Each structure stands twice: as C-alpha cells, then as structure tokens.
Amino acid sequence: MNKKFLSAILFGALMVSSTGTFVSCKDYDDDIDRIDNTLNDLKSQIAALQTEVANGNWVTSVTPTEGGFTVVFKDGKTYTIVNGKDGEKGDKGEDGKGTEVAVKDGYWYIDGEKTDYLAVTSEDLKEVKVPYINEEDGYWYFYNDKGEAEKSPYKATGAAYAVNDGGVFTLYMPDANGVMQTIKLPTAASAISSIEFLDNDYQAIKDLNEITLLYWDAAATTEWKGPRGNISNNITTYSTDLSGNNNVLYTRIAPSSVDASELAFSLIDTKDNVASIALAAKKYDGMLTRAAENGLYDITVVPGSYADGGDANKLANQFLSSGAKKAMALKPATANYRSLFNVKVIPDKQTTAPLTNINLNGNYVTIVGVDKTTGVAYQTKVGQEVVVSVTKECNLYDMYLSASEEDKALFGIIFSEDGRSFKATKSPDNVTDATIDLEVYTLPNIGGNSNIKKTTIRVEINRTLGEATYDKQTKQPNKTNYSFLVSADKLKASLSSDLNAWYASVKTDVNVLQNIYDDEACTVISDLGTNGGATTNMNHKQVAVTMNVDNDNQVTPANIATKLNYLKFQLDINKTVKPLKIGKTYYAKLSFVDKTSNIELNYVVVPFELTKPELNTILVKESGVFRDGKDLAQAYMYWGDATTKVTGKSYYQSNYYIDRAFTDMQKKLSDAKMVTSPTFAIDDANNVLDAEGKDTGKKASYFASIVNPVPSSTNRAHVSLKEDTDGNGSRDVAGYKKDLNVKFTGAYLDVTGDDSWKYAKTYQFRVMSPILEGEAVAANNVVEVSATGRTKLYKENIWAKTYNNDVKYDIFAKGKAAGVIEWYRSDIANVTFSTGNKNVFEVTVATPTVPVAATATAPAVDSYIEVEGVTENTAKLKVAVDDIWGYTLNSSVDIKTTLNTGK
C-alpha cells in the first residue's frame, strides 16, 4: 500500500515560493547509537527524548546520521536515535536518492539536485503537497499539477524519516519489528507565544508598522562572479533602506528564552498566503531609558531575488489587494504562531540603483567606478579586518573583492565568504610598508552586465610592531574633567623584542587617541558629535590620552624608556551635546606613531565604561522618615521650618521641607555636582492614596505644590499643602495625611545631554503635624480629683506625646514673654481644657496658668489648671492642643472624682 508519512507542510508553512525540507536517514549500520548519551534501544532512545521535551527543552537541529538522526537540544544535550530494524541494503540503482528533499524556486530538489517536479499546492489547504516514499517499491512519489501522485525515478535510501511541521519535528523510526514509531520534538519556533511590535525606543506598543520594499525588474547578467551568482532572466531583486530607523520592525518576542535571531521569519496575509520574502531578527543590544527588557529584536527584510515569470510586478502584488496595502502578520517561517495583522508593505518599484561611494571600515575612499590608485587611499595593518561597503547598501545586489595573485601570496590576503571584507595576515618583511591594489567589484540591484563596476583602491599595509587589547576599565567620574590612569605594562609587553626600537621611534608629545569606537574591532566610530556630517568624537575633545610618568607629568623622548608607567585618560565630558554614555562600553583605540614619518607603529585598544552612583547613595533615606525600606516618607512638619504664615491667618503654611527626609541631601547633591539639574516635582502619573491605602481619585497637584523645585541651601525645596483645595473659600487642607507623589529627577554631574546620566524616582510624602498625630496622657491612666471641692492639676498629672510614643512633652505653660504664653514645645500655639461631663466636674481654670517664680517670701507656683468636682464618678477631661500650622489635637484623659481628694 502507499503510505504518506506526511500530509501537512514540510518544515513550516511551505508555499510554492518558500523553502522546506524532508529528511530521511541512510541505512542502519551496526552499532552507532551514541554522541553524548548512550542509549541501546529505540524505546529508551524515544523515552529520553520525551523526557527532554517534558522538561521544557526544545530542539535546535535534527540531522541525518547512519541509521537515524542526531538531535541537539537548546541546552547543548545531544542524542543519536537509530533504527530498531536493520535497513535493507538492496540495490540503490543508478538514481538512488533520499538524504534530503527540499522546495526551491517552486521545484523539488533531491540532495540539492533540481528535479522536473513542481511543488504542487493544495488549494484548499494553501499547502505544498508533500512527496512520499512508497513502502512497497521504495521509490519517491511526487504530485503532478492535477494533484495525482506519480512514481519518480528516484529510489529512497533510508527507512527512517523526519519532518518539521509548524515548528515541530516528527521523527518516524521503525522498531525491531518494523513497526513505525513516532515522537514529536518542538523547536524554538514552536515555543513562541507572543510577537508584538514596539516604537523605535522599545517603550510603547505600535499599532501600525510599515515597510517600504524597494524592488527592481533586474536585467540578467552573465559575467558576474560574486557570491550570489548571476541574475537570471525574469528576476525581481528587492531590499529595504535601513538608514535611520526606517523599515525596521522593533519587536518583542516571548518567551525571552527563545533566541529568535536563529530563526527565519515570514509575512503572511489574512488568507494564509506567505509572501516571497524572508526576514531576519537581530538581538537588540542597546540601552533603554528604563529597566532593560528581554526578548527585544530588530527584524528586517533579508535582501533577495524572486523568480517573477516575466511579470515585474508579481512580487509587489503579493502585498496589495485591489491596489490597497494588505494587512500582514509576522510569523516564524517554520511555525504557525503569528503576530497581529498590523504590518503593511509598500512596494516601491525602482528604475535606478546608485551605489554612490565606497567606504573602508566606514571611511569614505572613492566613488564607485572611480579608481583611487594615486598615493595611498587607505591604510591598514597586518591582521586588521577591513570591511568594504557602499553608501547606498539598499541598492547593492552583490559585491566581491579581489587582488593580484602576487599580492594575495605576499601579504596572505584573506577575503570573507560574503565578499565584503578582507585582511592581510602577514608582512613581506620586517621593514617595508607596502601597498596592494584592492579590486572592488559591485553589481547594483538593477542588474545588467553594463552595471558591473570594478573600482581599484590602493591600500597600504603596515607592519604591526605590537598590538593588544586591555581588560575593560570601569570608572566612576566625580567631575566632568575627570582623569584616570591605566598601566602601560600591557602596551610594553605587546612590543616584546621591538620595545627598545619603539622607544627610540615613537612620538611622545601627542594625544595618542586615534578614536572612540562602539565595537571591539574598532570599525564603528562612536557618535559623540558631528563635524560636517561625518561622525567623529575628536573635535569635541571629550577624551584625550597621553603617555605619562604619573598623573601630572608626560614622558619625554629622554625618559620614555625608564619612566613610561601610565596611559592617562583625560575626560572632558560635554554636558549637553552627545556626552559619553553611562553604562556603555567604549573602545579607545590608541595609535602610536613614528616621530619622523607619523606612520603608525602600533596600537592598543582600551575598553572603558563610565558608571554613576546609585541614587540611594545620593538621596539617602532617613530611616526614621522612610520606614520598612519603603518609599513613603512619614513627613512630619518641623517648627523650625515654619517661616511663612497663611495670608490673613495667625498660623503657618503646611510645608514639609524635603531635605528633612534625606541625610545631608544638599551636600550629597553638591558632591555629585548636581546643582542645576536636580528637581522635585509633583508627579501626576497616578492617583493619590490616603493613609489607609484607598484611592482618592485625585492627582497630587490637586492637594499640593512644590515650592523651590530646584533645591539649594538657601532655597529649600518643600511640599506645600493647599489650604483651600476645592476653592470654596474655606480651609480644608485636603492634602493632609495623603500619600502625595513627588518625583525627583536629576543628572549626575549635571550632564543632561544623554538619559544614561539621569536619575528619576517617585517618592510619596505623607505630610502631618507631630502634634495632631499624638495624644494626651494621664498619670496612671486616670487622675483622681475631689468630688466636693476644687483640685489643681499640674504637668505631673497630665502630659502629651507625639506620634512617636517615646517623645513625651509638657502641655502646661513654660512662661510668658511680651504678653504671650510660652510653651515647652515651639510647635504649640495654645492649650485649653474642658469638661466632658458637667454633671461630674467643671473646669474652673481652662488655660494653664503662667508659672510664678519663687520669691523671698513665697514659694514658686507651677503652671496648673483647676477642676471642681460635682458628683462622684468618672468622666473625660478634654484636651485641645493647637499647633502653629492651624491644626488642633482633640484628645482626652479620664478624671475620677472621689471624696476627700483635692489640693
């Protein structure tokens, strides 16, 4: 009987224009059953794989081996699974095939060899109809354009098969009895559970994402020798312009454990038609202004070509419906999960493809097609990779490099496989600095033999005396003109036997910094300013490096051989324009030149990274204000800060000075050179909560404002509660005891030109009166007075305490000055007592008396109040303590009236 091992798509959603594979293994051969794990029978082999899958592991590759497959999981574990039944050797015949079957350019290929069989699509499923092996005769059967299976002349060579459908490998393995066993092994693509698009800052979801697809009706070529080969007839070439932030899908993929950079991606329309372009993901490796996210990628179109069958607009029409742009979704090429349909492709047919200039390692050299052989166009060193590019990369179909056979042998020239870079691996001798004529061949996307250009560039290859890369230097500057020393030992060690000759030749009185780069290979110049449109850091002079004896003295030609101890890095950080970033690794390339010819003798690379202090070392929270490690300040007002009275009132404004919450705040800000940038501001991002944690439905600006938002020693920042929040003309101070959101922002060293220097944090301030949050206390919890007479009560009988139970204070008068009673606490404005039940006692002296000092004839009289008993019982003595901010503590103590008690 005919048995189809697959009726679904091979290796993902295979459309006629996409590529997939169907793999079979070779005949079983004795005893190959181990790579990293030894498993002796098919049952245990399958069980081991099932255990890996159950533990959340997924497959990164399945490759055929003798008698089975080698399976590699994401954690590096490797298994070999083999047949349980010997395969029949048989006669493979002249056309024996079957290691790999794949779809390319609409045709089936076997072992990389094109067949005459089209990849026929099932219209109802939009899927390629999969060939299969007939178990009876062992031959491959393919489908014709009528959907009928036809026997091919290709005989299969194996008994075990593997298929990737929707990102899941299914292995088909015959056991010892010849019964086919199967196991499903998920890949990384099948593990994807979320694909969402963000803005180019990776901060917010982006609902519409557009890609402008440049395409050309390319003319065929017959003379091209580059890696991509000649352009055939009826080919559309395509690419995207990635300059700036254009045509990039800024993507977050979950789970973050999936490495999407290893996957191919496709675009699919709402009818499940897969577009004939591929996309690739590159991991985002930059810094974010907020906490770094995981699973972030830049996804772009991979430049390619498409067999259009003579219709130059066939590719473009895949993205249009009745002239309108289709809604597309992004999906892994080998799995079924997709994003929302919020990608649109804008086909843009091009009739020209100018490449403009040729650049070596990012530096302009010449115009494409214009030779640069007079003098030296570019200098490089033995062992240094040189990347060749054109200005308009989006218009480039292909490139390759060449040189004369003599030069290639003399300098050991190695060209990269992609034809985009080269390097010299040796010098012809130890003295001569020689040149080669580098040949750069380019072909634009417009195609045509006439557009193939050869550009010859003279490159000087200098001998390297020595080179070295230092360990990264991590430094925390304490001022913008900060300097640090790096030992010169590694530099000297790299020169080895050439050190003395180097001492005699090197120029000493110069800044040896060649440039600052973003990459270890020193090919991408760091963007620290602009000069006529060319990125450079030198004209801003943010970094200079000299050879030094110590911090203050440079070496001279006379003492370099004995006094070269350090490389001194002197920073002059630009505060406002593209400063050096915090937390970024820079690569300082230091070039040492001959003092006569100025030719480079050698270089070293010193990676360095600047850091800043943690904010909690600058704004150090007072433990008595911020409790339990939280960001909520128990902000009790202090009498010494009460300087401004409410207009027309006798009490002071309810102000809390923020520096009361942080230890030596102003000094620490000053030490961090944060003078103009620190700011405290009301933060209205979230609603305010009350002391019980309930949402007030109001923003902080409804309740309070910040006075002197930029703090200084003379103008202290403070939270000021609004007296009349609802505007009805009466005092409500609704912000009292609310958790007011106050945001601090600032920049370390006042460097405001880049977010990496900045701090931002929101605290909550619960502004309160220490008096209002306290209570009155009676000695022994109750005061006994006479039920039939008058009794004086003193500070020994009744007192009060603040919010802090340990802070006891007297509420009787301390004295009198200028006709005003003085109290033991400066934040008390007045104290009065009243009865809670006139039927038990009356208060005959309600305001504490002014104490009288002792005289020669009379003893001192302490401050007191007086009560008169009415009946024998217990009642409350009300205590009202007015503070200087206009709040009144209404508390009480127990008074017990008894017979024969009084004073």
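This is a predicted model: local features need pLDDT of at least 70, side-chain atom pairs count only at pLDDT 80 or more; totals for chains, interfaces and linings use all residues.
View 1. Residues are numbered from 1 along each chain as its sequence is written, and side-chain values use heavy atoms, with hydrogens and water left out. Strands here are DSSP runs of E with at least two residues, numbered from the N terminus. Two of them pair if DSSP finds at least two bridges between them. β48 and β52 (residues 718-721) run antiparallel and are joined by three bridges. They belong to an open sheet of three strands, ordered β48-β52-β51, with antiparallel pairing. β48 (655-657) and β51 (704-707) are the edge strands, and each pairs on one side only. From one strand to the next, the twist averages 25 degrees.

**View 2. β39, β44 and β43 form an open sheet.** Its three strands have the order β39-β44-β43 and pair antiparallel. β39 (483-487) and β43 (543-548) stand at the edges with a single partner strand each, so one side of each lacks a neighbour in the sheet. Neighbouring strands are turned by 25 degrees against each other on average, direction ignored. Strands of a sheet pair through backbone hydrogen bonds, either parallel or antiparallel. Six bridges join β43 to β44 (residues 566-571). On that side, T546 stands opposite K568 in β44. Five bridges hold the antiparallel pair of β39 and β44. There, V486 has L567 of β44 as its bridge partner.

**View 3. Ring pairs link Y482, F484, F569, Y586 and F608 into a cluster.** Rings of Phe, Tyr and Trp (its six-membered ring) pair if their centres lie within 6.5 Å; planes under 30 degrees apart count as stacked, over 60 as edge-to-face and the rest as tilted. By this rule the count comes to 26 aromatic pairs.

**View 4. The rings of Y736 and Y887 form a tilted pair.** Their centres lie 4.8 Å apart and their planes stand at 40 degrees, so the pair is classed as tilted. The pair links distant parts of the chain, 151 residues apart. Y736 sits in the loop between β52 and β53 (738-747). Y887 sits in the loop between β65 (874-883) and β66 (888-898). Both Y736 and Y887 are buried. Buried means under 20% relative accessible area, exposed over 50%, and partly exposed in between (1.4 Å probe, protein chains only).

**View 5. Y794 and Y864 pair at a tilt.** The ring centres are 5.9 Å apart and the planes are at 55 degrees, so this pair is tilted. Y794 lies in the loop between β57 (790-793) and β58 (798-801). Y864 lies in the loop between β63 (841-845) and β64 (865-869), 70 residues apart from Y794. Y794 has 14% relative accessibility and counts as buried. Y864 is buried too, with a relative accessible area of 17%.

**View 6. Y364, I367 and V370 form a nonpolar surface patch.** Together they have about 290 Å² of accessible area, from the Shrake-Rupley method with a 1.4 Å probe. Patches take residues with over 30% relative accessible area and no salt bridge, with nonpolar side chains (Val, Leu, Ile, Met, Phe, Trp, Tyr) joined within 5 Å. A salt bridge puts a side-chain nitrogen of Lys or Arg within 4 Å of a carboxyl oxygen of Asp or Glu. I367 lies in strand β29 (residues 363-367). At 44% relative accessibility, I367 is partly exposed.

Note on methods: Helices (H or I, at least four residues) and strands (E, at least two) are DSSP runs, numbered from the N terminus. Axes are lines fitted to C-alpha atoms, for helices over the stretch in contact, and angles run from 0 to 180 degrees between N-to-C directions. Patches are made of residues with over 30% relative accessible area and no salt bridge: like charges are joined within 9 Å, nonpolar side chains (Val, Leu, Ile, Met, Phe, Trp, Tyr) within 5 Å.
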